[in-house]
Each structure stands twice: as structure tokens, then as C-alpha cells.
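Please look over the structure shown here before reading the briefing that follows. The notes are grouped by topic and begin with a question.

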Amino acid sequence: MSHSTRPPFAPDSLSVAPKPSGRHILAIDDETSILELLTEYLKAHGYRVSTATNAAEAKHVVESQAPDLIISDLQLEDTDGLQLVGQLRVLLPATPVILLTGVLFDPLVIENNLKWKISAYVSKTAPLQTLVAEIKRLIG
Amino acid sequence: MSSDTPPPVPLADPTLRRVLVFFTLILGVLIGIVVVSLRNLNRSIATSDWVNHTHALISELDALRPNLAAAEGELVRYLHTGDQRDHAAYQEKFADLGESVAVINALIAGAPDEKEQFAPIAALLARRAGLATQAVQLKKAGDTAGLQKLQDTEAEGGDLPELARRLEKLREKQTDLLSARDRASFVQAQVTRWTVLAGVGFDFLLLCGAAWLIRDDLAARRQAARLLAQTNSELEEKVRQRTAEISAMNAQLVAQNLEERWAKQAIEHQNRYNLLIIDSITDAVFVVTKLMNISRMNPAAVHLTGYEPVDLVDKPLAKVAQLADADALRRTFDVLARTLVDGHEMRSQAAVVTMKNGDRVAVQLNVFPLRDRDKVVGGVVILKSSAPSSS
């Protein structure tokens, strides 16, 4: 499992970024390069980030240190991201979830089919600023 | 700090030199005052000694005539009484007189003028003593006539007036000298007083000058220190601002770099994802140029035609796919080419695929223009397998 104990790779210069809010975010993606980028960027914006590359790791993080927000990919190595989100939501019903995926969804599909599972949908092709804006909107 | 701020004032050396010059002058004046004062003090002591000496001389001179009168009075009494007690008194008085002369001689020992003046007086006194001795001898010898003759001679005048005149002259001279010394002493005291006052005043002025220089120097130093502190403060503020700017720029660059890495990764991810989708399609998919040459084909196309991509890339699509109606072949591919020019789709055209092994397969042909923004840059040809045709 690789959550907050992952070796730091954020440069010190990022410390001049906005003050840390200390909010805890769990990022789930089967690609470690994606997780590294997300961690670096979110830490630079003051968030505390845990990462998981599969469902088991994600559940362990949720049980050991409940996150304030979950960011999940759709396609994971061992399960469906939406299914995992559904399981995590049982444990943390009030925790917002952002679906971060390369699969392009129709907004109508999001509204009709996924609204009950996820709080927001962000395409991986969108800038990271968009993701941070969604995070700020959801947890500040 | 603005660019017109005056440069720091050069300090220390000139001011220090000036202050040292001032203090050297003050020291010189003080030494001068001490030298002059000591010299005048010595002069005053010498003058005082001389005055005492002169007063003693005058006192002795003043005592001469009364002593002489007293001695001669005792002599006259003895001459009348012949009493030995009067003789002893007469001798004692003349001895006192002789002692006074000896004292005066001692007092004027170093003064040639006084010695010269006193010599006739001493001689007159000696003469008077000699006459007294002569009278006593005549008395003792009982020579009354001789004694009477001696007394008559002296009664006519003698040398007493001369003695009195000379004594008075000597005394006046000493008194004049005393007055002159007194005036000189007063002048000397005044000179000493004014020398000390002038020196002290000059030193005070020099001290004021040195104090003014030091005050001026301190003010310059304080101003320089203020300027330095202000410059340092402004420099530190600039450094803080510049550091903040650089830090912000750095953070921005890092964020930008992360965004670029994220975008690149997203594109790669999306591209890989799309290719996987295309490769997983069971229909044969060809990507063609506007000239209908094949640029890409999916695994289903390999499976359908038996050709590998190396066999067909940059080859005309017509090599593997023809319309089923031979007459329509030319027309259709003209239409197909025109479709790519015009950007229209073409769907479900019956066609035949000639496989690598020569077998022929009936397919449905669909053409979709491939657009890059508003331009058609090629097309996607999808061949859907239908019933096999005879070879």
C-alpha cells in the first residue's frame, strides 16, 4: 500500500503555494505516475494526500484514516472504480467523491446515472487546476 | 532608497585630526600658563624676600639715630655723674649702636650702591663713638678743661646734621625702591592674572571648538547611521519582495510544469485508451488518406484480409477492397474520394475483400471523413463482414 508514507517528491519550492488546509484526500488510480503527479500538486496546494493503486489499499486507508475526499479512477486493476466508490460510500457516506477518468462521459449520463455515487466528474484531460477547483468547491 | 540620496559622509580622520589639533593647542596654552605662573611666582617670592630685606634695612636705619641719641644721652649722664652704672649703660648703648651698624653692613653686603652711601654714615657714627671714647677718657683722667673744650666744640654743631641728612637720603632711596618694587609686583600680579585668565579663556574657546567639532561629527555619524539603516531596511525590503516574487514565479513554474506533465500523461493515456478501443473492434478498420491510401489498420483488418500492416500501409485501399458491382467500382470509389473531399459519410455499401490468399469475402463498406478541426484530412473505412463470396 502506498499512502502518506510514499517518499516525498514535491520540491521545497512548492511550499510557497497556498497555506495548507490539512484536509485529507485519498487518491485511487492504478497508474503510479498519475498518483505521483496528483500527490505533488495537491500537497503544493496544502492537502494531505494518501494514495492507493487498488481496492484493497483504498479500503485500508479509509479504515485507518478516514479521508475528507476521495478521488478515484474508473478503471482499476482489480475492480471497477464506480463499484469501489459504492463500497467506500457505505463506510463514508458523507465523504465527497470525484471521478477522475480518461473515459469521456456525457454530462447527461453523469447527471442521470452517476450522481448518486459521485460528487463530481473530472476528465483526465482537464487541467489540474480544474481538479483543485472541484476539491475546493467540495471541501474547501 | 531613491537614487538622489546623498552618499554617506566620510568620517573620522579629518575630525579626529582637528580635535587633536585643538587639544594640542589647549595643552600648549596650559603649559604656557603654568610656565608663566611659576616664573611669576618665583619673581614674587624673590620680590617678597627683597621687600622684607629692605624693610629690615629701613628699620635698622631708622633705629640708628635714636640709638645714637640714647648712647650719647647715657654718655652725658656718665660725664655728669661719673657713676659706673651710667658708664656701663653708656657702653651698652654704644654696643647696641655698633651692632646696628654691623647688621646694616650685613644687609647691604650685596648692594654696592647702598654700601657706598652707607660708608660715610658709618664713618660719622664711628667718629661719634670716637668722640665719646675721648670724652670718657678725659673724664676718667679728670681733665675737666679738656672735656669742656670737647663739649663746646660739639655743641657748636658737629656732624649730626650731616648724619641725619645722609640717613634720610639713604632711607628715601630705599623707600623709592620699595615703591618701584611694589608697582612692579602689582604689574606682575596683573600680568599673571590676565595671562591665566586669557589662557583659561582661550582654552575654554578651544574646548568649545573641539566640542562643536565632536558634536558635528556625532551628528554626521548619526545621519550616516540613519542613512545606512534606511538603506539596509530598503535593501532588505527589496530582497524580501524579490524573494517573494522569485518564490511565486518558481511555484508558478512548478505548477505549470506539473500541469504540462499531467496534460502529456493524460494525452498518452487517452491515446492508449483510444487505440485499445479501436484495436478491440471486431470490424476491420482502415485509416486512409485523402488519396485513399492506407495509413493504419486494426487487428480485425489483419484478420479479415490476411495482410500484415507492413503489407498494406501506404498502399491503395482498392488493393484489398472493391465494390461488389464491378461497374459500380469506378463510380463508387470516385464517390468515396469525393466523400473525403466534401466531408460526407457513406454507409453500408456492398463490397468484396480480396484476401492475401486470394479468397474473396463479402463485406459492407462504410466511410467516415476524418477531420482535423474544419478540414478533412483523411477517412476511416470500416468493413463489416457479411456472407462469404465465391472465389
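In which sense do strand 1 and strand 3 of chain A pair, and over how many bridges? Strand 1 (residues 24–28) of chain A and strand 3 (residues 69–72) of chain A pair in the parallel sense, over four bridges, where two strands count as paired if DSSP finds at least two bridges between them. This is a predicted model, in which local features need pLDDT of at least 70 and side-chain atom pairs count only at pLDDT 80 or more, while totals for chains, interfaces and linings use all residues. Residues are numbered from 1 along each chain as its sequence is written, and chains are lettered from A and ligands numbered from 1 in the order in which they are written.

**The sheet of chain A**

- Five strands of chain A form an open sheet with parallel pairing, in the order 2-1-3-4-5; strands (E, at least two residues) and helices (H or I, at least four) are DSSP runs, numbered from the N terminus.
- The edges are strand 2 (48–52) and strand 5 (120–123) of chain A, each of which pairs on one side only.
- From one strand to the next, the twist averages 20°.
- Within the pairing of strand 1 with strand 3, A:Ala27 stands opposite A:Ile71 in strand 3 of chain A.
- Helix 1 (residues 32–44) of chain A packs on the sheet and touches strand 1, strand 2 and strand 3 of chain A, and its direction makes about 170° with that of strand 2 of chain A; angles run from 0 to 180 degrees between N-to-C directions, and axes are lines fitted to C-alpha atoms, for helices over the stretch in contact.

**Two helices of chain A**

- The axes of helix 2 (residues 55–64) and helix 3 (residues 81–91) of chain A come within 11 Å and cross at roughly 15°.
- That crossing makes helix 2 of chain A roughly parallel to helix 3 of chain A, because angles under 35 degrees count as roughly parallel.
- The contact (C-beta atoms, placed from the backbone, within 7 Å) is made by A:Ala55, A:Ala58 and A:Val62 of helix 2 and A:Leu84, A:Leu88 and A:Leu91 of helix 3 of chain A.

- Chain B has eight helices and six strands, which follow the pattern α-α-α-α-α-β-β-α-α-β-α-β-β-β along the sequence.
- Of the 391 residues in chain B, 16% are buried, that is, have 20 or more other C-beta atoms within 10 Å of their own.
- The contact between the chains takes 15 residues from chain B and 16 residues from chain A.

Definitions and conventions: Buried ≥ 20, exposed ≤ 12 C-beta atoms within 10 Å, placed from the backbone. Contact = placed C-beta atoms within 7 Å. Parallel < 35°, antiparallel > 145°, perpendicular 65-115°, else oblique.
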